[in-house]
Amino acid sequence: MRFGIVGSGVIGGLHARLIADMAGTAELVAVADNDLARAKELAGKHGCAALGSTQELYARDDVDAVVICLPSGLHADAAVPALKAGKHVVVEKPIDISLAAADRIIAAERESGKSVTVISQRRFEPSFRAVKAAVDSGELGRLTSGTAEVTLWRPQSYYDSGGWRGTWAMDGGGALMNQGVHVVDLLLALLGPVESVSAYSGLLAHENIEVEDTVVAAIRFANGALGRVFASTAAYGGASVRVSVHGDAGHAIVDNEVPTSFRVGEEDRAQNAPARLGPESHRAQLTDFIAAAAEGRAPEVTSADGRAALALVLAVYESARNGGAPTRPA
């Protein structure tokens with residue numbers, strides 16, 4: 001599959017390196033950025049073309065798919081014309097920052113017949129796959145609860161590094177939308193749709209940003225299970241991404257992609273936990289995306305999955321704005 005990348009920032013550079021190293025499976029053809037100098041800098045590292053606009057990229061016949069690596073609030077604006085131009089699309093998380101924008105992407109995907117995936121690389125970690133298989137097979141019994149936590153520290157310089165960071169208009173939220181959406185997606189994949197959410201949030205350790213740096217939400221899932229989501233970029237020294245799921249016949253707790261406890265009945269599966277992929281998990285998702293497009297099937301992480309994660313994040317924000325009032329994701 002021949003790729004173009006939209007956006008030459010940090011995450012665009014990551015995707016460029018991944019694609020460039022997938023010889024025989026993927027080829028990096030071009031990088032597009034409104035700042036042509038930045039596009040040339042990234043393209044020069046990988047021997048591909050540099051373009052100053054998405055229009056130029058989408059018009060190329062030698063580009064099969066594009067990876068959208070722009071500020072979150074611009075994802076639909078870049079993805080929809082790519083789909084209309086007949087390109088498959090990879091969207092960095094989140095899918096966008098509003099459900100209207102997400103629905104625009106989904107509608108364009110359906111009309112074009114092309115594939116869309118939203119980056120959620122942690123789904124491809126062997127530990128998550130093992131837990132998901134246990135859930136799907138019923139080995140954990142009736143699911144009773146689950147948690148998703150992102151406990152991180154981002155210095156003020158992180159938010160000051162880009163004018164879009166920490167804004168409702170472009171970032172769409174703070175710790176939950178930007179960092180926590182990964183674990184929100186994992187929790188939904190394990191426990192299914194959400195019935196209602198009650199949440200609180202705060203801006204506790206940063207200045208000159210509009211969004212939260214700490215948020216906590218209590219969740220009731222449609223299957224009756226209860227859950228909790230916590231996300232923070234105000235936890236100094238914090239570097240934990242943790243997901244757990246509990247049932248009446250077993251449980252799994254995964255911390256930074258490593259199962260710290262994984263029991264099915266009396267069997268301890270944590271002792272034989274597979275090694276984590278780390279950065280290779282991104283490559284695993286791209287590989288699945290390429291195969292899905294070739295086989296005419298849906299990718300493992302779909303645009304609908306991206307919308308569901310966004311809907312829960314937005315419900316958390318709505319509840320927090322209303323003093324914790326229960327809110328149903330749209």
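Q: How much space lies in the second largest pocket?
A: The second largest pocket holds about 170 Å³ of space. A pocket is an open set of points on a 1 Å grid over the protein atoms alone, where a 1.4 Å probe fits, with protein on both sides within 12 Å along at least five of seven lines. The volume is the space filled by probe spheres set on the points, which are joined across faces, edges and corners.

Q: Which residues lie closest to its centre?
A: They are Leu-188, Gly-192, Pro-193, Val-194 and Ala-308, out of 14 residues that line the second largest pocket (an atom within 4 Å of a point). The elements that give two or more residues to this lining are H8 and helix H10 (303–321). H10 provides the largest share, 5 residues.

Q: What sort of model is this?
A: It is a predicted model, in which local features need pLDDT of at least 70 and side-chain atom pairs count only at pLDDT 80 or more, while totals for chains, interfaces and linings use all residues. Residues are numbered from 1 along each chain as its sequence is written, and side-chain values use heavy atoms, with hydrogens and water left out.

Q: And the largest pocket, how many residues line it?
A: There are 47 lining residues, and Val-10, Ile-11, Glu-92, Lys-93 and Arg-165 lie nearest the centre of the largest pocket. The space in this pocket is about 1300 Å³.

Q: Which element gives the most to that lining?
A: H1 does, with 4 residues. Helices (H or I, at least four residues) and strands (E, at least two) are DSSP runs numbered from the N terminus.

Q: What does Cys-48 touch?
A: Leaving aside residues up to four places away in sequence, Cys-48 is in contact (heavy atoms within 4.5 Å) with Leu-28, Val-29, Ala-30, Val-31 and Ala-43.

Q: Which strands does E12 run antiparallel to?
A: E12 pairs (at least two DSSP bridges) with E11 in the antiparallel sense over 5 bridges. E12 is also antiparallel to strand E13 (residues 258–264), joined by 6 bridges.

Q: Which residues stand opposite each other there?
A: Arg-242 has Asp-255 in E12 as its bridge partner, and His-251 stands opposite Arg-263 in E13.

Q: How many residues of E12 are buried?
A: Strand E12 (residues 250–255) is mostly covered, with 5 of its 6 residues buried.

Definitions and conventions: Buried < 20%, exposed > 50% of the residue type's maximum accessible area, 1.4 Å probe, protein only.
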